[in-house]
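The following exercises are to be worked with the sequence and the structure at hand. Each task is followed by a solution in steps.

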Amino acid sequence: MRLKKLIFSSNRKHKKIGKMKNSKRFVKILGVGSYVPEKVVTNDDLSKIVDTSDEWIRARTGIRERRIAASDQTTSDLCVCAARKAMENASIAVDDIDLILTGTITSDVVLPSTSVFIQTKLGLKNIPCLDYNVACSGLQYGIELARSLIESRRYKNILLVCGDKLSAITDWEDRSTCILFGDGAGAIVLSATENEEENSIIDVVLGANGEHSELIILPAGGSREPASEKTVSERKHFMKMSGRDLFREAVKIMGNCAQEILDRNGMSANDMDFVVTHQANWRIIDAVRERLGVSPEKVCVTIEKYGNTSASSCIIALDSLIKNGKIVRGSKVLTVGFGAGLTWGAAILKF
Ligand code: COA
């Protein structure tokens, strides 16, 4: 009799779990946070170290200044500051995080991952930690990864962090690149919900084309060309970039993938409250805006203050819109990224 009762109750429990497994799970953005270092470097400051001018930089890029990390600040330090703010805004305890995903191209060290340093600095233990390298499309790739892992019921609260200390891989003797980049980090807490009304991720589109891998590359220090005196003297541990080609590709690719995600959801850019593109160059942002046919008020531009901060640029922009009360509950945002690889991605988010 007791045995029968036990079997009956265990079957009932099993059925309940089975039902839960079949019901669709959704993903809610619980909180967003960002961090930029204190030190401001203006265009005039740069004109003292390379042959350039404030006028040229502003006209060609829209950048006025950027933030540069202190020499003893690492990428994980920047990421931890952003992560703490995101968790505070999410009202979630750090112990409730069950996975850390970090998008970075400037890991603290080559081995191990930056995520493990973030884990330790946050006082977390044992939860899985994973870095991924897609450069400036890190937000869109990270959202897709987090969404899949939450929807599959493997994880509940994911800390997605994108951060870079680009100043560490910038050639400060190369005027064609050093004017573009800045340091910063952004973080998002994504959590499981069974309530479809709370779903924040409407759709994501990703892509990559390795045929253009040489357009922006840090050539040495990997297995292809390990570090040597020669690679150092040839300045091969800094980013090399074909600016004009990248400009053309960025406009084309970001425009295409934004249009693709809008089309497949039966939406137009004007259905969005905001469009947040990767902040690489004001002229690129404006060309994508024109292609999508949206008014300038709907497009967030933070590049003048921070330059190109890689994957964190879209999160820093989202965070500024939230802080200024422009993104509110129910706001729809199209975010589009583009980066080394080449990689790209677009996501439609609902807050
Ligand atoms: N200050 C003054 N002159 C500069 C300069 C600087 N910082 N950098 C380049 N120049 C000069 C060039 O030497 C060139 O001179 P020349 O005509 O005598 O040869 C001239 O300015 C024009 O250079 P060009 O490269 O054609 O300028 P541009 O209008 O394409 O702007 C970038 C250059 C880099 C700003 C622009 O191409 C760009 O933003 N590209 C995309 C980069 C990007 O997004 N990278 C990250 C991808 S995630």
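**Exercise 1. Backbone geometry**

In which loop is P112 found?

Solution. P112 is in the loop between β4 (99-103) and α5 (114-121). Helices (H or I, at least four residues) and strands (E, at least two) are DSSP runs, numbered from the N terminus. The model is a predicted one, in which local features need pLDDT of at least 70 and side-chain atom pairs count only at pLDDT 80 or more, while totals for chains, interfaces and linings use all residues. Residues are numbered from 1 along each chain as its sequence is written, and side-chain values use heavy atoms, with hydrogens and water left out.

Next, examine the peptide bonds. L111 and P112 are joined by a cis peptide bond with omega of about 0°. Another cis bond runs from G341 to L342, with omega near -10°; L342 is placed in the loop between β12 and β13.

Then turn to phi. Most residues other than glycine have a negative phi, and most peptide bonds are trans. N126, which is not a glycine, has a positive phi of about 70°, and A135 has a positive phi near 55°. N126 belongs to the loop between α5 and β5 (129-132), whereas A135 lies in the loop between β5 and α6.

Finally, compare burial (buried means under 20% relative accessible area, exposed over 50%, partly exposed in between, with a 1.4 Å probe and protein chains only). N126 counts as exposed because its relative accessibility is 78%; A135 is buried, at 5%.

**Exercise 2. The ligand site**

Determine which parts of the protein surround the ligand, and why the ligand lies between two domains.

Solution. Begin with the shell: 21 residues are around the ligand, and T52, R60, G243, R244 and N281 come nearest. A residue is counted as near if one of its heavy atoms lies within 4 Å. By class, the shell has nine nonpolar, seven polar and five charged residues. In this scheme Ala, Val, Leu, Ile, Met, Phe, Trp, Tyr, Cys and Pro are nonpolar, Asp, Glu, Lys and Arg charged, and the others, Gly among them, polar.

Assign the shell to elements. At least two residues come from each of α3 (54-61), α7 (175-178), α9 (243-264) and α10 (282-292), and α9 gives the most, with four. Domain 1 (3-198) and domain 2 (201-350) both contribute to the shell, so the ligand lies between them. The domain bounds come from an automatic or database domain assignment.

List the polar contacts (pairs of N or O atoms within 3.5 Å; within protein, one must be able to donate a hydrogen and the other to accept it, and residues adjacent in sequence count only if both atoms are side-chain atoms). Ligand oxygen atoms are 2.7 Å from a side-chain N or O atom of R60 and 3.2 Å from one of R283. A ligand nitrogen is 3.0 Å from a polar backbone atom of R175. The protein covers 76% of the 960 Å² of accessible area that the ligand has on its own, by the Shrake-Rupley method with a 1.4 Å probe; for residues, only the protein chains shown count as cover.

**Exercise 3. A buried histidine**

Locate H278 and identify the partner of its side chain.

Solution. H278 occupies the loop between β11 (274-277) and α10. H278 counts as buried because its relative accessibility is 1%. Its side chain makes a polar contact of 3.3 Å with the side chain of N308.
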